[in-house]
Amino acid sequence: MGILTEQKTRASVNACVVGLQWGDEGKGKIVDVLCPRFDYVVRYGGGANAGHTVIIEGEKFALHLLPSGVLSPHCVSVIGNGVVVDPAVLLTEMKGLADRGRAVEPGRLRISRSAHVVMPWHKQQDALSEAAAGAAQKIGTTVRGIGPCYADKAARTWAIRVGDLLDAKGLSEKIARACDAKNRIFAALYASAAPKALDATAIAAEYADYGRQLASYIDDTTWLLNRALAADKRILFEGAQGSLLDVDLGTYPFVTSSNSTSCGIPAGAGVPARAVRHTVGIVKAYTTRVGTGPFPSEQDNEIGNTIRERGHEYGTTTGRPRRCGWFDAVAARYSIAVNGVDELAIMLLDVLSGLKSVGVCTAYELDGKELPFFPADAGMLNRVQPKFEMLPGWSEEINRCERYGDLPAAARAYLARLEELLGVPIGIVSVGPDRRQTLAK
Ligand code: IMP
């Protein structure tokens, strides 16, 4: 029995939803499906690089910074201290929802005053450094300024936090200092790209205005969440990106700059690690990756193209075509271990309908020897030989299935094999983008 079928158990107390691959697993949909069981939905890392798609009765919502809980009227959504906030993106997203009759009032969205702000120089630096990098060094970032913002957070010298937006005078002094330094650094490092000089006065006015617009949403969210825990409220932590993009545990350096695994929750939300009682690991029935970096089970061929077209595998944030491949059980076992996954949600199973056979990567070999564990090291991963097992496919479209038992026998056999290889039960199977196309197993 999984989180979807249990009503009042530890699984519905405090849980987290994390992606186990390279992002885009469908976390937004599962968070949305689980929202009715929770009082709070919390983002704890990442920023506007994320793209969470939720479809409610045919209406599509693409969220980048807002937690998916904003679409459930009874939920309080929290942007935790570990998130990097681009206020322009956030306000545009909030306005977009208000225009569709789903205004997010301050009582339903709390933003940590300790979260860091993505500033114009972060986006400029992201673009300049990606453009200057050689083909082998390019990370293929989303160019949303994520890496430079986290770097400044760690460096502490020029960082701006959400709380700073509320003090116009202090903010303009910090911005003047940062612009002066960044203009000199960019001119020295990227002279050939002729970087546009940052205008501190205009930036200070723009960001002070964001502060005024967001003032009633800004809060001490650590205090808020710890009070919620003490009052036995139910909290769902929403991971962004996938575990293999985690800055510490992913395929470094081809990763994002935050802890996207469940390991990021205590630091990124200010709650004790033991607050998370149940971890739902989200995987696609196959694998995708955007940007550069190793991808052992990639199918850069007709199979990959078929998956991309059937699965509409183009980035929600950047529109880039995603690289596609078979399910990688070696990588998934690693992510299950580091996150402590209790149950799995298998997404986009419907995309595989029509394939004669379906592959699973069951092992890696390196220099003729089978590896006992996933090497989260880009150099080693680039050299591994994936071993594939092929299973019979199914021809039926499955997006109208209403129960697990309605799935074709071959699809159920495929899922049973995944369970066997991964050693964790599957609790949820998704056969289409809508809330209703979600089967409890
Ligand atoms: P950044 O997070 O923009 O710095 O990008 C670093 C890497 O993470 C790139 O390969 C991006 O394509 C990838 N990435 C960042 N966010 C997401 C996401 O939400 N889904 C999938 N890939 C992502």
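Student: Which residues line the largest cavity?

Tutor: In this predicted model, where local features need pLDDT of at least 70, side-chain atom pairs count only at pLDDT 80 or more and totals for chains, interfaces and linings use all residues, the lining consists of Leu20, Gln21, Leu244, Thr287, Asp328, Ala331 and Ala332. Residues are numbered from 1 along each chain as its sequence is written, and side-chain values use heavy atoms, with hydrogens and water left out.

Student: What makes these residues lining residues of a cavity?

Tutor: On a 1 Å grid over the protein atoms alone, a cavity is a set of points where a 1.4 Å probe fits but cannot get out, and lining residues have an atom within 4 Å of a point, so Leu20 and Asp328, among others, count as lining. The volume, the space filled by probe spheres set on the points, is about 30 Å³ for the largest cavity.

Student: How do you know that β1 and β10 pair?

Tutor: Strands are DSSP runs (E, at least two residues) numbered from the N terminus, and two of them pair if DSSP finds at least two bridges between them. Strand β1 (residues 15-19) and strand β10 (residues 235-242) have four bridges in the parallel sense, and therefore they meet the rule for pairing.

Student: What is known of the contact between domain 1 and domain 2?

Tutor: Contact means heavy atoms within 4.5 Å, and by that rule 27 residues of domain 1 are in contact with 22 residues of domain 2. The domain bounds, which come from an automatic or database domain assignment, are 14-110 + 220-440 for domain 1 and 116-215 for domain 2.

Methods. 1 Å grid on protein atoms, 1.4 Å probe; cavity = no way out; pocket = protein on both sides within 12 Å on 5 of 7 lines; lining within 4 Å.
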